[in-house]
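Biologist: I have some questions about this structure. Can we go through them one at a time?

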Amino acid sequence: QLVESGGGLVQPGGSLRLSCAAPGNIFSIYRMNWYRQAPGKQRELVAGITSSGSTNYADSVKGRFTISRDNAKNTVYLQMNSLKPEDTAVYYCNAAHPIFTGYWGQGTQVTVSS
């Protein structure tokens, strides 16, 4: 139900923007998150945004990544700047709710390498 796009290969210091489109009935009431999972590591929360627009970030991406949402398009974005090789991972979009079943996207690969 969540469709991600925007991953790819970028050089260190470069930028990418990830997008995640969700059905309207999910997008309007769920908290939208971006997670990532690097090879051999656990999946970790990168950033989240509530339906009212409050955001939170992992310490490792603060000041470099920005999460935002376009309610008219039912889409959440992750703008990633000043990318580092350690940002290389599969990035997953997640819709979370304290009561209802959550949803995951299929994942999109981000590779930061020269």
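Biologist: How much space lies in the largest pocket?
Modeller: About 160 Å³. Keep in mind that this is a predicted model.

Biologist: Which residues line the largest pocket?
Modeller: Arg 36, Gln 37, Ala 38, Lys 41, Gln 42 and Glu 44 line the pocket, together with Pro 85, Glu 86, Thr 88 and Ala 89.

Biologist: And how does that lining split by class?
Modeller: Four of the lining residues are charged, three are polar and three are nonpolar.

Biologist: New topic. How many aromatic pairs does a search of the whole structure find?
Modeller: The search finds three. One of them is Tyr 30 with Tyr 103: the ring centres are 5.9 Å apart and the planes are at 55 degrees, so this pair is tilted.

Biologist: Where do Tyr 30 and Tyr 103 lie?
Modeller: Tyr 30 is in the loop between helix 1 (24-27) and strand 4 (31-37), while Tyr 103 belongs to strand 10 (residues 103-104). The pair therefore ties together parts that are 73 residues apart in sequence.

Biologist: Is Tyr 30 buried or exposed?
Modeller: Tyr 30 counts as buried, because its relative accessibility is 4% and the cut-off for buried is under 20%.

Biologist: What about the rings of Tyr 92 and Trp 104?
Modeller: Their centres are 6.4 Å apart and their planes are at 85 degrees, so that pair is edge-to-face. Tyr 92 is in strand 9 (residues 89-96) and Trp 104 is in strand 10, twelve residues apart, and the pair links distant parts of the chain.

Biologist: Buried or exposed, for Tyr 92?
Modeller: Tyr 92 is buried, at 15% relative accessibility. Trp 104 has a relative accessible area of 40%, so Trp 104 is partly exposed.

Biologist: Which residues form the aromatic cluster?
Modeller: Tyr 35, Tyr 92 and Trp 104 form one cluster.

Biologist: What sits over the ring of Trp 104?
Modeller: The charged end of Arg 43 does, 4.7 Å from the ring centre. There is also Arg 69, which lies over the face of Phe 27 at 4.1 Å from the ring centre.

Biologist: Let's move to the backbone. What is the phi of Asn 74?
Modeller: Asn 74 has a positive phi of about 50 degrees, although Asn 74 is not a glycine. Asn 74 is in the loop between strand 7 (65-70) and strand 8 (75-80). With 23% relative accessibility, Asn 74 counts as partly exposed.

Biologist: And the phi of Ser 82?
Modeller: Ser 82 has a positive phi of about 50 degrees and is not a glycine either. Ser 82 lies in the loop between strand 8 and strand 9. The relative accessible area of Ser 82 is 40%, so Ser 82 is partly exposed.

Biologist: Last one. Where does Gly 7 lie?
Modeller: Gly 7 is in the loop between strand 1 (3-5) and strand 2 (8-10). Gly 7 counts as partly exposed because its relative accessibility is 34%.

Biologist: Which residues does Gly 7 touch?
Modeller: Leaving out residues up to four places away in sequence, Gly 7 touches Leu 16, Leu 18, Thr 108, Gln 109 and Val 110. As for Ile 67, which is 60 residues from Gly 7 along the chain, the two C-alpha atoms are separated by 15 Å.

Methods. Residues are numbered from 1 along each chain as its sequence is written. This is a predicted model: local features need pLDDT of at least 70, side-chain atom pairs count only at pLDDT 80 or more; totals for chains, interfaces and linings use all residues. Side-chain values use heavy atoms; hydrogens and water are left out. Helices (H or I, at least four residues) and strands (E, at least two) are DSSP runs, numbered from the N terminus. Buried means under 20% relative accessible area, exposed over 50%, partly exposed in between (1.4 Å probe, protein chains only). Contact means heavy atoms within 4.5 Å. On a 1 Å grid over the protein atoms alone, a cavity is a set of points where a 1.4 Å probe fits but cannot get out, and a pocket is an open set with protein on both sides within 12 Å along at least five of seven lines; lining residues have an atom within 4 Å of a point. Grid points are joined across faces, edges and corners, and a volume is the space filled by probe spheres set on the points. Ala, Val, Leu, Ile, Met, Phe, Trp, Tyr, Cys and Pro count as nonpolar, Asp, Glu, Lys and Arg as charged, and the others, Gly among them, as polar. Rings of Phe, Tyr and Trp (its six-membered ring) pair if their centres lie within 6.5 Å; planes under 30 degrees apart count as stacked, over 60 as edge-to-face and the rest as tilted. A charge sits over a ring if NZ of Lys or CZ of Arg is within 6 Å of the ring centre and within 35 degrees of the ring normal.
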